[in-house]
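Subject: Structure handover, salt bridges

Hi,

Here is the structure for your files. Please open it alongside this note.

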Amino acid sequence: MVYRSLVGLKVFEFVPPELPANLDEKAILIFSKTNGFRDDKQIATANAVLTDIAQRSGWTSFVTENAAVFNQLQLQNFRAVVWNNVSGNVLTKDQREAFKAWIEQGGGFVGLHGAGGDPSYDWQWYENGLIGAKFNGHTLGPQIQEATLLIESSDHPVTAGLDTVWVRSDEWYSFVDNPRDKGYQILITIDERSYLPVKGLLPFLKPKDIRMGADHPLVWSHCVGKGRALYSALGHTAASYEEPEHQQLLAGAISWAAGFAGQVCPE
């Protein structure tokens, strides 16, 4: 059963999916629903890569776009949930409450790229408490650019093994807020001198400056009650999920968020 709102044709599910029988104590939920921008190739490629990472890591996984899985009973089957380029407002009030409670009681969250890339959310806890930063825009002109990333915490499970300087191409996000100001652990920043941080397509319109300055985080982590949350602004293109370094980061992010490695959040 789905409900389509009169404005924006938003879809909400109310009947939970049937979970696979093979889920074990290291199960990961991969969620890729969109009620906003969607790139089918990007999402399909990332879902396949995330499923493969789980298999190679000895975890079980379940991929769905049925948001009714966010209920108190079914969430208990998972150690972490990956929001793969989720866009728009996708959960009902009851689903939001179940998800928030699950995180605060020890669940893990990994948000990828578009999961933090909407200009406004009507769920302030998600934007301010889970992602932790308000989206300000992304590069346009050109949209995909090569840039230099700087690894801040090489001993964190998410960034362990990555070179301290990482040059790659992507669509680069900027944020109104700096999550470092909230005490979040910044894992990767971007050097704004290595690309053009402006948003502008049409030559007769003044480009929007989306610089954050010398401290421009792109990947960060923090505790949410007993749970763990990580957001990565990387991963706009389908091809980016084929990068070995990006796959390494994704594996580390899920492992950390699920509590398989690294920080234990306060009781």
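Below is what turned up on salt bridges.

This is a predicted model: local features need pLDDT of at least 70, side-chain atom pairs count only at pLDDT 80 or more, and totals for chains, interfaces and linings use all residues. Residues are numbered from 1 along each chain as its sequence is written, and side-chain values use heavy atoms, with hydrogens and water left out.

The structure holds 14 salt bridges (a side-chain nitrogen of Lys or Arg within 4 Å of a carboxyl oxygen of Asp or Glu).

Lysine 93 pairs with glutamate 97, closest N and O atoms 2.6 Å apart. Both sit in helix α3 (residues 93-104), four residues apart, about one turn of the helix. Helices (H or I, at least four residues) and strands (E, at least two) are DSSP runs, numbered from the N terminus. Lysine 93 is exposed at 58% relative accessible area; glutamate 97 is partly exposed at 44%. Buried means under 20%, exposed over 50%, partly exposed in between (1.4 Å probe, protein chains only).

Arginine 168 bridges to glutamate 243, with 3.0 Å between the closest N and O atoms. This pair links distant parts of the chain, 75 residues apart: strand β9 (residues 165-171) holds arginine 168, and the loop between β15 (227-232) and α5 (244-257) holds glutamate 243. Arginine 168 is buried at 4%. Glutamate 243 is also buried, at 19%.

Aspartate 209 meets arginine 211 at 2.8 Å, N to O. Aspartate 209 is partly exposed at 46%, and arginine 211 is partly exposed at 45%.

Last, the network: salt bridges with shared partners join Arg38, Asp40 and Glu65.

Best wishes
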